[in-house]
Each structure stands twice: as C-alpha cells, then as structure tokens.
Amino acid sequence: MKLKICGMKYEVNIEDVASLQPDYLGFIFYEKSARYFDREIPKLPSSIKKVGVFVDPNLDFVIETINKHDLQAVQLHGNESPAFCEQLKLYGQSEETAFTADRDSQIIKTHTQLNRVQDDHQIEIIKVFSIKDEFNFEVLYPYETVCDYYLFDTKGKLPGGNGYTFNWNVLAQYPSHKPFFLSGGIGLNEVPSVLSFLSKKESKYCYAIDVNSKFEIEPGLKNLEFLKEFKNNIIN
C-alpha cells in the first residue's frame with residue numbers, strides 16, 4: 001500500500017513531511033485552492049514522486065509545470081476529457097514516439113520541442129472521479145487506456161479538500177483492473193475504517209491512500225506527528 005500526501009505548500013514543512021518517506025507528495029497548481037503552490041519545490045529523495053494537481057488546465061501550462069518542477073505524476077481533478085489525457089500521455093514520451101503516435105491517431109499538434117516534456121520523462125497520469133453515495137462506473141471506460149491510475153474522492157463543493165469521506169461500499173461495484181487511489185476526508189479517526197476497507201474485496205485494486213486536509217494545522221501546513229501515526233497504522 002502506497003501513501004500520497006497532498007496539498008503541500010511550505011518549504012520546511014515539505015522537507016519535514018518528506019522525512020516520513022511517503023510515496024507521493026502532491027502540489028496543487030490551481031489558483032482557487034487555499035493550497036495553491038506558487039514557489040519552488042525543495043530537493044526531495046528520489047523515492048518520492050512529485051505530483052502536480054490540476055483542475056481543467058491548459059495543456060501547455062501542464063507541460064511547462066512538469067518541466068519546471070520535474071514532476072513524475074499529474075493528477076487531473078476537473079472535467080478533463082480522455083482526449084486531453086491521451087495528449088498528455090503522448091507528451092510524456094520521446095519526440096519520435098510522440099510524433100509516430102500523432103500520425104496514427106491523426107492528432108495534430110503545433111507545440112514546439114521547448115514545450116514538450118523532456119525526452120524519456122514518463123509521466124504517471126492520475127484521473128480523479130468524485131463520488132458521494134453512488135457512481136456510474138461506465139464513465140471510466142473511455143479513460144482505461146489513457147491514464148495510469150484513478151483517484152476516487154468525495155463529491156463536494158470544492159474539487160478536493162472537502163474533509164469528509166464518501167461511501168466506500170460503492171467501490172464493491174468497481175469494474176476495472178486499473179489500480180486506484182482512495183481519497184476524501186481520510187484522517188486519524190478514519191484509521192479503523194481504512195483498515196476495514198483494506199480487508200474487503202473492494203480494496204483489491206486499491207494502490208494508495210491519499211490524505212490532505214484532515215492532517216492540517218492550516219491549509220497547506222501538515223501535522224507531522226499525525227501523519228507519522230497514520231503511516232505507522234496503515235502502511236507499516
């Protein structure tokens with residue numbers, strides 16, 4: 001089981017949280033978020049993957065941000081289409097491979113090499129879907145070949161960071177074999193529920209637990225001791 005800690009913002013806090021060796025650290029590049037990240041990411045251990053979180057972004061902005069911060073993964077938290085995910089996936093390949101794929105799929109791009117993700121920089125694509133008490137899993141089918149993971153979050157007023165869980169029993173109907181992140185209002189109080197979920201068949205393809213607001217002192221500032229306790233209970 002992997003651990004993703006999202007909504008990082010402050011340099012010293014980022015370094016402290018990185019000392020816990022999570023598998024992913026998330027940085028939100030969405031200006032309307034209280035956790036909007038507009039600074040430099042400090043040097044992190046190579047074992048930690050840096051995730052850029054976006055909401056209905058411009059493709060060029062995503063590419064520029066990947067290159068600027070040397071991101072290893074992109075989390076798409078809006079209404080991004082399968083075609084958008086496909087284009088992003090192509091940009092994560094080498095120039096030669098990308099142009100071959102472009103011809104095959106008849107996708108026309110005018111972006112220059114400067115806007116392209118650095119060659120051989122394979123980007124993991126995480127597509128987010130929001131759930132409350134029910135979910136139509138048919139919406140996943142067009143994304144099966146154009147993203148690496150799904151992330152299931154709580155449907156609320158904000159695109160993430162709403163602070164409460166959705167009905168995880170819905171995932172008993174999960175039809176895919178694609179690994180997914182479980183997210184949405186997970187904190188220390190949810191440890192028993194998470195452990196219970198991980199013992200059930202619906203967790204078969206659960207790849208990672210994603211945490212954020214329930215571990216905050218303020219938006220973007222994480223409580224190190226709470227995170228350490230959670231990791232020891234869930235991951236170790």
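Reader: How many bridges join strand β5 to strand β6, and do they run parallel or antiparallel?
Author: Six bridges join the two, and the strands run parallel. Strand β5 covers residues 124-131 and strand β6 covers residues 149-154. This is a predicted model.

Reader: Which residue in β6 stands opposite Ser130? And what is the bridge partner of Lys127 there?
Author: Ser130 stands opposite Asp153. For Lys127, the bridge partner in β6 is Tyr150.

Reader: What about β6 and strand β7, how many bridges there?
Author: Three, again in the parallel sense, with β7 made up of residues 180-182. Phe152 stands opposite Leu182 in β7.

Reader: Is β6 mostly covered or mostly open?
Author: Mostly covered: six of its six residues are buried.

Reader: Zooming out, what do the strands form?
Author: They form a closed barrel of eight strands with parallel pairing, in the order β1-β2-β3-β4-β5-β6-β7-β8. On average, neighbouring strands of this sheet are turned by 30° against each other, ignoring direction.

Reader: Which strands does helix α2 touch?
Author: Helix α2, residues 59-69, packs on the sheet and touches β3 (49-54) and β4 (73-76). The direction of α2 makes about 155° with that of β3.

Reader: And at what angle do the axes of α2 and helix α3 cross?
Author: They cross at roughly 35°, and the axes come within 11 Å. Helix α3 spans residues 82-91. The crossing of α2 and α3 is right-handed.

Reader: Which residues make that contact?
Author: From α2, Leu59, Val62, Ile63 and Ile66; from α3, Phe84, Gln87, Leu88 and Tyr91.

Reader: Which side chain does the side chain of Gln75 join in a polar contact?
Author: That of Lys4, at 2.8 Å. Leaving aside neighbours within four places in sequence, Gln75 is in contact with Lys4, Val51, Gly52, Val53, Phe54, Ile126, Val128 and Leu151.

Reader: Change of topic: helix α6. Which of its residues are buried?
Author: Leu227, Phe230, Lys231 and Ile234, in a helix that runs over residues 224-234. These four cover an arc of only 100° around the axis, so they sit on the same side of α6.

Reader: What covers the buried residues of α6?
Author: The cover includes β1 (2-5), α1 (11-18), α5 (191-198), β8 (206-211) and β10 (221-222).

Reader: At the start of α6, what does a side-chain oxygen of Asn223 reach?
Author: The backbone nitrogen of Glu225, to within 3.1 Å.

Reader: Last one, Ser203. Where does it lie, and is Ser203 buried or exposed?
Author: Ser203 lies in the loop between α5 and β8. With a relative accessible area of 8%, Ser203 is buried.

Reader: What lies 3.1 Å from a polar atom of the side chain of Ser203?
Author: The backbone oxygen of Leu198. Not counting residues up to four places away in sequence, Ser203 touches Phe197 and Leu198.

How values were computed. Residues are numbered from 1 along each chain as its sequence is written. This is a predicted model: local features need pLDDT of at least 70, side-chain atom pairs count only at pLDDT 80 or more; totals for chains, interfaces and linings use all residues. Side-chain values use heavy atoms; hydrogens and water are left out. Two strands pair if DSSP finds at least two bridges between them. Axes are lines fitted to C-alpha atoms, for helices over the stretch in contact, and angles run from 0 to 180 degrees between N-to-C directions. Contact means heavy atoms within 4.5 Å. Buried means under 20% relative accessible area, exposed over 50%, partly exposed in between (1.4 Å probe, protein chains only). The arc is that of the directions from the helix axis to the C-beta atoms. A polar contact is a pair of N or O atoms within 3.5 Å; within protein, one must be able to donate a hydrogen and the other to accept it, and residues adjacent in sequence count only if both atoms are side-chain atoms. A crossing is left-handed if the near helix is turned anticlockwise from the far one by less than a right angle, and right-handed if clockwise.
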